[in-house]
Amino acid sequence: MNKKIKRIFSHSEIYLFFIIIIFSIILTSINPSFLTLENLFDLIKSSAGMGILAVGFLIVLLSGGIDVSFTAIAIAGQYISANVLMATGVDNIYLAFLISCSVGILLGAINGLLISVFKLPTLIVTLGTLSAFHGALLAFVGTKAINTAELPDCFKVFGHNNIFVLTRADGTSYGLSVYALILLGVVIMSWLILKYTMLGRGIYAIGGNRDSAVRAGFNIVGIQFFIYCYVGFLAGIMGVMHISLLRYSNPMYIVGTELGVIAAVVLGGARITGGTGSIIGTLLGVVMISILEKNLVLMGLSSYWHQLFVGLIIIIGVSITSYQNKRRGIRSLTFR
Amino acid sequence: MAKELLEVKNISKAYTGVQALDSVSISIKRGEIHCLVGENGSGKSTLIKIIAGVVKADEGEIIINGRFYQNLHAIDSIREGIQVIYQDLSLFPNLSVAENISLNQMVERKSKLISWKDVTNTARTELKNIREKLDLGEKIEDISMASRQIVAICRALTQGAKLIIMDEPTSALTKTEIDSLFSVILDLKRKGISTLFISHKISEVLEISEKVTILRDGKKVGEYSIDELDNDKLIFLMTGKKIAYSRFKYKEKEHHEKMLLEVRGLSKRGNFENVNFKLRSGEILGIVGLLGSGRTELALSLFGLNKADSGEIYIDGKQVKINSTQDAVKLRISYLPEDRLSQGLFIEQSISNNIIITILRKILNRLRLISNIKRENSINKWSKELEIKTPSLEAAAQSLSGGNQQRVVLARWLATNPKVFILDCPTIGIDIASKSNIHSIIRDLANAGMGIILISDEIPEALQNCNRILVMSKGRIVKKINDASSITEDELFNIVGKKELNKVG
C-alpha cells in the first residue's frame, strides 16, 4: 500500500494537478466568475484543439522523436478544406473533415517517409517541412483570408453545436461544445493504441532504446511511419475545429503556436528525450497552459508574458529531465 | 533426443581478407555450462553471431537439436531456443520489469494487442522459475545492474531458451551479484538449459564452467574439461606465450622519498569515510576493493569530479583544493577512467585528436591558434613512445583494439606531464599480451619518478605492480599493506572479501 502511494507521488502529474488546483483557487479569489461551469465549458471548447495537437506531439515524443511541423499541417488541412468546400459549393462538415484529415495524413506521411525510411533526424526534418508545408500552402493555394460571410455554413453550425445546453436564470443559455466529445474520442483512441496494442508498446520501446527494439523484432520503419501519419491526421481534425471556432480562416494562423503545445506536453511530465510520458499528464499540461494564457490579463499582466512563460516552461522541463539523468549518472558513476 | 544440443562443425568466416574464424568447431550438451574464452580479436563474437544466425558463415555446418542447418537465419536460431544476452542487455529502461520480460515473446508471436494480465503472469512465472524476486512494476532504469541481468535471463526463458549465450555478463557486477548470477546459471543447468558463457576473467571461467573452448586468432586451440585447466595453463593457451611475471620494486633511494600527495581524513557522505594515505614519488600505490567499495568514488574526488565533504589534500606538502578537473590538471594530477569507451576516449575522433586534446594550450602558435608543427611533433612523439599500432593516426579511435585504445588514453595524459597519475582499472577488457605491456609502461613511469595510484579489480595485477596496497571496503580503508611482497595472493583475496579462487589440481 505504502509503495502504491509512493508510486503515485513519483509521477509528476500529481504535482501538476495540485498546482492547477492552487492556481484556480487564486484566480477565483481574484475573479469569482473563474470557477463557474460556464467558464469551464468555455475552457474546454477553446483548448480542445490544442489538446488534440498535444496528444499527437506526445506520441512523437514517446517514440524519441520531435515534430514541429504539425501546426503547418493543421493550417494546410483547414485552409485547403475550406477552399475546396467554397469552390465546389458542397456545404458538408464531414467532407471538410475528410479533406482536412487526408491532407494531414498525406503531409504526415511525407514526414514519416523522410524519418522512417531515410532515417533523417526528426527535429531537422520537421523544421524543414514546417517551413516547406506552410510555404507551399501560401504559394500554391493562396494567402487570402476567408471571412465569416464567405465561410460555408457547415463550419459555423458545427462550431455552435453543443452536446447539451443549460439555461441561466436570465434566460440566456450556454452549453458544452461537441468539441469535448471529439477531444474525448481522440484521447480514448490514442490511449487504447498506446496501452493495448503492440504498435503502442512499440512506440514506447523505440523511445526507450531503439537498438533493443530492433533486436526484439519491432518493425521500426512501420511504427515511425504510422506515428507521423497519425500526428498529421490529428492535425487535420484540429484544423477544422479551429476554423469552426473562429468562423474565419487566415493561412497565417496556427503556425507559431508549436511551442505552446510542446510546453504543455513537457509540463505534463513527458521526457523530451523520449520513452516516458502520459496522456493524463499531457491534458493537465494543456489545461495549465490554457488557464495561464487566458488569465494573464486577469492577473494584471500583458499577454506577452505568455510567450515568456512558454519558453521558461520548456527550458525548466528539459532541465529537470537532464538533472534526473545526471543524478542517475552519479549513482552509476558516469559523468555526462 | 541427441545428447548434443548444438554442434558447430568446421566453421570459417572471413571479413574482407581477414580470417575471423578458421575451421572452428564447438559442441554444447544439454544442461552444460560451457565457457568460450579468447583474447580480443580471437573470433569469439563472430562465432556467437554465427550461432545466433546474425552473421552467415562462409563454410561449415551447424546442427541444432539434431537438425542440420546449411544457412542458419536469426529466426531459425531463436526457434531452436538459442538466446543471446548481449553485453548491453537490450532492455527498455522506460518500461516495467514485467513488460521487459514479456514483450519480446509477444513480438515474436506477432500479437497485435496486449493483455496486461498475460504480461504480469508470464513475468511472475519466469521469475519463480529461476527463484528470483523482483518488483514487477518497477522501471528498468530504477533497478540495479544485477536485477537487469535477471530480467534479461527471464526474457530469454520466455522465448523457450534451451541455450543462453551470455556475452561478458559480469563486467558491471559486484562479487556478490556475480555469485547470485552463477547460482541462477546453475539453476538453469538443473532445468536442462545450457549456458555459453563468454568471459575475460580467468577466475570466473574456472569457477563456473564445466567445459572450456579456447580460441586464438580465429583458430580453436582446444576444448578442455575444467579439471584439466588451471590459471597459468589457461593464460598460456589463450595467449600462446608464457608471460613471465616479475614484481615491481620501489627504489626508495633514487627518489629521496619525495612526498607527492597526502590525503588526510577525506570523507564524502555515502561514498567514503576518513581516508588517509600518502603517495611518494616513484611509488605505485594499489587500491583494491570490490565494486562499490568507494575506490572509484575516491579517485574521482582526487580528480575533482566528486567533491569531498571534508578532509584535506596536500600536493608537494601544500594544502590544495580540487573542485574541478581543471584544478586537478593544473596540479598535474591525471586520471585514466575505468570505462575508456564512454569516459576516456572521443571514440569517433581521430587518434591524433584524442592524443592532443589535453595539451591544446601547449601547442598554440604566436597567434594563439593551433600550430601544425607543434601538433605533429606531439602526436608523433607520444604515438612512438607508447607504440600505438595503427595504419594511420588520422583513423578514428574506435578502429583500434582495446589495448591500443588504452595506450591512446595513456598518451593523452602523459602529454600533460603529470606528477600523480590515477589509473582506474587500466587493463580491464584488454588482452593479456597488451596487459603486460601496459604494466611495464606503468612501471617505467614510476621509475621515472611519477607517483601512481593503481585501482584494480584483479588481485594479481595489484600484487605484481604495486609496492604498497590499500584495501577498501564499504568506503573505508580496512587494511594498509606497506610491503606488497609480504603478502600472498590468497591472503589478499581473503582480506578483500572475495571467495578463494577455485584452484584445481
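Which residue takes a positive phi in the hairpin of S4(B) and S5(B)? Before you go and look, a bit of housekeeping. This is a predicted model, in which local features need pLDDT of at least 70, side-chain atom pairs count only at pLDDT 80 or more, and totals for chains, interfaces and linings use all residues. Residues are numbered from 1 along each chain as its sequence is written, while chains are lettered from A and ligands numbered from 1 in the order in which they are written.

**Stop 1: the hairpin in chain B**

Select S4(B), residues 59–64, and S5(B), residues 67–69. Show B:Ile63 and you'll find B:Phe68 of S5(B) opposite. Two residues sit between the strands, and B:Asn65 is the one with the positive phi, near 50°.

**Stop 2**

Pick B:Asp316, in the loop between S14 (310–315) and S15 (318–320) of chain B. Its phi is near 50°, positive although the residue is not glycine. B:Asp316 is partly exposed, with 15 other C-beta atoms within 10 Å. On that scale, 20 or more other C-beta atoms within 10 Å of a residue's own make it buried, 12 or fewer exposed, and anything in between partly exposed, with C-beta atoms placed from the backbone.

Then jump to B:Arg332, in the loop between H11 (325–330) and S16 (333–336) of chain B. Phi is near 60° for B:Arg332, another positive value in a non-glycine residue, and B:Arg332 is partly exposed, with 16 other C-beta atoms within 10 Å.

**Stop 2: a helix pair in chain A**

Switch to chain A and select H3 (residues 37–62) and H11 (residues 220–246). They pack at about 175°, axes 9 Å apart. The axes are lines fitted to C-alpha atoms over the stretch in contact, and angles run from 0 to 180 degrees between N-to-C directions. That makes the pair roughly antiparallel; angles under 35 degrees count as roughly parallel, over 145 as roughly antiparallel, 65 to 115 as roughly perpendicular and the rest as oblique.

For the contact (C-beta atoms, placed from the backbone, within 7 Å), show residues including A:Ala48, A:Ile52 and A:Ile59 of H3(A), plus A:Tyr230, A:Leu234 and A:Met241 of H11(A). By class, the contact has 14 nonpolar, three polar and no charged residues. Nonpolar means Ala, Val, Leu, Ile, Met, Phe, Trp, Tyr, Cys and Pro; Asp, Glu, Lys and Arg are charged; the others, Gly among them, are polar.

Colour H11(A) by burial: 21 of its 27 residues are buried, so this helix is largely enclosed by the rest of the structure.

**Stop 3**

A:Arg247 is in the loop between H11 and H12 (258–267) of chain A, and is partly exposed, with 15 other C-beta atoms within 10 Å. Leaving out residues up to four places away in sequence, A:Arg247 touches A:Thr148, A:Leu151, A:Phe155, A:Lys156 and A:Gly159.

Note on methods: Helices (H or I, at least four residues) and strands (E, at least two) are DSSP runs, numbered from the N terminus. Two residues are in contact if their C-beta atoms, placed from the backbone, lie within 7 Å. Two strands pair if DSSP finds at least two bridges between them.
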